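Please look over the sequence and the three-dimensional picture below before reading on, and keep both in view while the text leads you from the whole chain to one of its parts.

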Amino acid sequence: SGSPVRPSDYNRYRLTLPMVPNENIKQQFRTGYMHYCCWPCVCDTQDFIRVDTKTIRLKDGPKEFAFAVIGNPCDHPDELTKPFVQPFYGREETTIEKTAPEVRCDRETSTLEGATYSDNGYIII
């Protein structure tokens with residue numbers, strides 16, 4: 001949902017999520033903790049979020065970190081204006097563009113403005 005949460009023991013869930021697909025490696029998984037505002041977000045995480053690496057250059061050399069990632073919405077920018085029925089808040093028809101106006105694509109590069117990308121080109125959340 002993107003709702004802000006205050007991290008606590010009461011909203012922390014341990015999850016095992018798949019790594020992003022890699023044709024050269026058998027499916028791998030990573031386990032970690034995430035904080036949620038409500039239980040449906042746990043199900044959404046299992047359906048839509050994966051784990052990928054981001055290599056960060058540190059003073060003593062590069063180090064690989066694991067991050068939660070989503071696909072790039074700018075791979076299909078027309079989907080941002082496609083109507084859908086919002087299952088919450090009165091079941092109104094809306095679009096991602098209306099509901100999340102901060103999701104903006106650079107049409108020339110097909111990149112999400114302001115996003116940090118993982119090693120394999122996914123959006124780090």
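Among the contacts in the protein chain that link residues at least 6 apart in sequence, 44% bring together residues at least 24 apart. What you see is a predicted model, and the C-alpha atoms of the protein chain fill a box of roughly 50 × 45 × 30 Å along the principal axes. Of its 125 residues, 24% count as buried, while the chain exposes about 9700 Å², of which carbon and sulfur atoms supply 51%.

Turning to the secondary structure, the protein chain has 2 helices and 9 strands, which follow one another along the sequence in the pattern β-β-α-β-β-β-β-α-β-β-β.

How are the strands of a sheet held to one another? Strands of a sheet pair through backbone hydrogen bonds, and they may do so either parallel or antiparallel. In this model, an open sheet of 3 strands has the order β3-β4-β9, and its pairing is antiparallel. Because β3 (50–58) and β9 (123–124) stand at the edges, each with a single partner strand, one side of each is left without a neighbour in the sheet. Helix α1, residues 40–48, packs on this sheet and touches both β3 and β4, with its direction making about 75° with that of β3.

Strand β4, residues 61–70, is joined to β9 by 2 bridges, and these two strands run antiparallel; here Ile 70 stands opposite Ile 123 in β9.

Technical notes. Residues are numbered from 1 along each chain as its sequence is written. This is a predicted model: local features need pLDDT of at least 70, side-chain atom pairs count only at pLDDT 80 or more; totals for chains, interfaces and linings use all residues. Side-chain values use heavy atoms; hydrogens and water are left out. Two strands pair if DSSP finds at least two bridges between them. Helices (H or I, at least four residues) and strands (E, at least two) are DSSP runs, numbered from the N terminus. Contact means heavy atoms within 4.5 Å. Axes are lines fitted to C-alpha atoms, for helices over the stretch in contact, and angles run from 0 to 180 degrees between N-to-C directions. Buried means under 20% relative accessible area, exposed over 50%, partly exposed in between (1.4 Å probe, protein chains only). Accessible areas come from the Shrake-Rupley method with a 1.4 Å probe; for residues, only the protein chains shown count as cover.
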